[in-house]
Amino acid sequence: MTDSEIHEAILILREEVKQWQTPAVTIVSQREGDPFKVLISCILSLRTQDRTTGPASQRLFARAGSPAAMAALSEEEIVEAIYPVGFYRNKAKQIRELCGRLITDYGGKVPDEVDELLKLKGVGRKTANLVVTLGFDKPGICVDTHVHRICNRWGYVRTKSPEETEFALRERLPAEYWLSINDLLVTFGQNHCHPVSPRCSTCRLAYLCERIGVVKHR
């Protein structure tokens, strides 16, 4: 995929994703408008499907909507609210510790810079970028497995890890698409451009895609 073709790809993706469900963390950001809740829902979403993340986030925020209120809950209370997200006991412990750190080191506020967010235990680049983009509407590129896989499948980047893909996209992707690329490709990857046997025969982007690494498709 060339630099000029990425504009065509994004235009098509914006039309295609209208038929599918918006990612759970994005729904939280749109509904709540709160960087703290974006951060917590990001943590809940790791290794968890959206149909579980959304309801778990709602149950937890019904009990506590701020770092202070969340830190006041016991780990067991958090477990009860977020079950059955993946690694729910580990996440309950992480959430309490994270809230304590936000209170002691950041005055109960979520930092709005990637480098500061990365200082929080358990927060990686994917989560940090998602909080910056969805929570604060600041420039950033969130790269998860879908973004990494599809951008390489297109031939738009040639990288070996999501982190490498993030920095490659920072160099190449037009800034106007930074905030939306994650939502578009996560939705597209979950519903159409699957890791194994993607739906190439019905894909409107097929003529732009180099299909790198695709062994079998439908």
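1. **Ground rules.** The model is predicted, so local features need pLDDT of at least 70 and side-chain atom pairs count only at pLDDT 80 or more, while totals for chains, interfaces and linings use all residues. Residues are numbered from 1 along each chain as its sequence is written, and side-chain values use heavy atoms, with hydrogens and water left out.

2. **Where the domains meet.** In domain 1, 13 residues are in contact with six residues of domain 2, contact meaning heavy atoms within 4.5 Å. The size of an interface is often given as the accessible area lost when the parts come together. Here about 790 Å² is buried between domain 1 and domain 2, with carbon and sulfur atoms giving 54% of it. Buried area is the accessible area (1.4 Å probe) that two parts lose on being put together, summed over both.

3. **Polar links across the interface.** One salt bridge is found across the interface of domain 1 and domain 2. The term stands for a side-chain nitrogen of Lys or Arg within 4 Å of a carboxyl oxygen of Asp or Glu. Four residue pairs across this interface are in polar contact, both residues being at pLDDT 80 or more. A polar contact is a pair of N or O atoms within 3.5 Å; within protein, one must be able to donate a hydrogen and the other to accept it, and residues adjacent in sequence count only if both atoms are side-chain atoms.

4. **The domain 1 side.** Two elements, α11 and α12 (181-191), each give two or more residues to the side of domain 1 that touches domain 2. Of these, α11 gives the most, with four residues. Helices are DSSP runs (H or I, at least four residues), and strands are too (E, at least two), numbered from the N terminus. By class, this side of domain 1 has six nonpolar, three polar and four charged residues. Ala, Val, Leu, Ile, Met, Phe, Trp, Tyr, Cys and Pro count as nonpolar, Asp, Glu, Lys and Arg as charged, and the others, Gly among them, as polar.

5. **Salt bridges in the whole structure.** How many salt bridges does a search of the whole structure find? The search finds 15. One of the salt bridges joins Arg 172 and Asp 3, at 2.5 Å from N to O. Arg 172 lies in helix α11 (residues 162-172) and Asp 3 in the segment before α1 (5-16), so this pair ties together parts that are 169 residues apart in sequence. Arg 172 is partly exposed at 30% relative accessibility, and Asp 3 is partly exposed at 45%. For these words, buried means under 20% relative accessible area, exposed over 50%, and partly exposed in between (1.4 Å probe, protein chains only). Arg 125 and Glu 166 also form a salt bridge, with their closest N and O atoms 2.7 Å apart.

6. **Around Lys 138.** A salt bridge joins Lys 138 to Glu 113, at 2.7 Å from N to O. This pair links distant parts of the chain, 25 residues apart: Lys 138 is in the loop between α9 (125-136) and α10 (145-154), and Glu 113 in the loop between α7 (88-106) and α8 (114-117). Both are partly exposed, Lys 138 at 23% and Glu 113 at 41%. Asp 112 is also found in the loop between α7 and α8, and is partly exposed at 32% relative accessibility. Leaving aside neighbours within four places in sequence, Asp 112 is in contact with Val 132, Phe 136 and Lys 138.

7. **Ser 41.** Is Ser 41 buried or exposed? Ser 41 is buried, with a relative accessible area of 0%. Its place is in helix α3 (residues 35-45), and a polar atom of the Ser 41 side chain lies 3.0 Å from the backbone oxygen of Val 38. Not counting residues up to four places away in sequence, Ser 41 touches Val 25, Val 28, Thr 53, Ser 57 and Phe 61.
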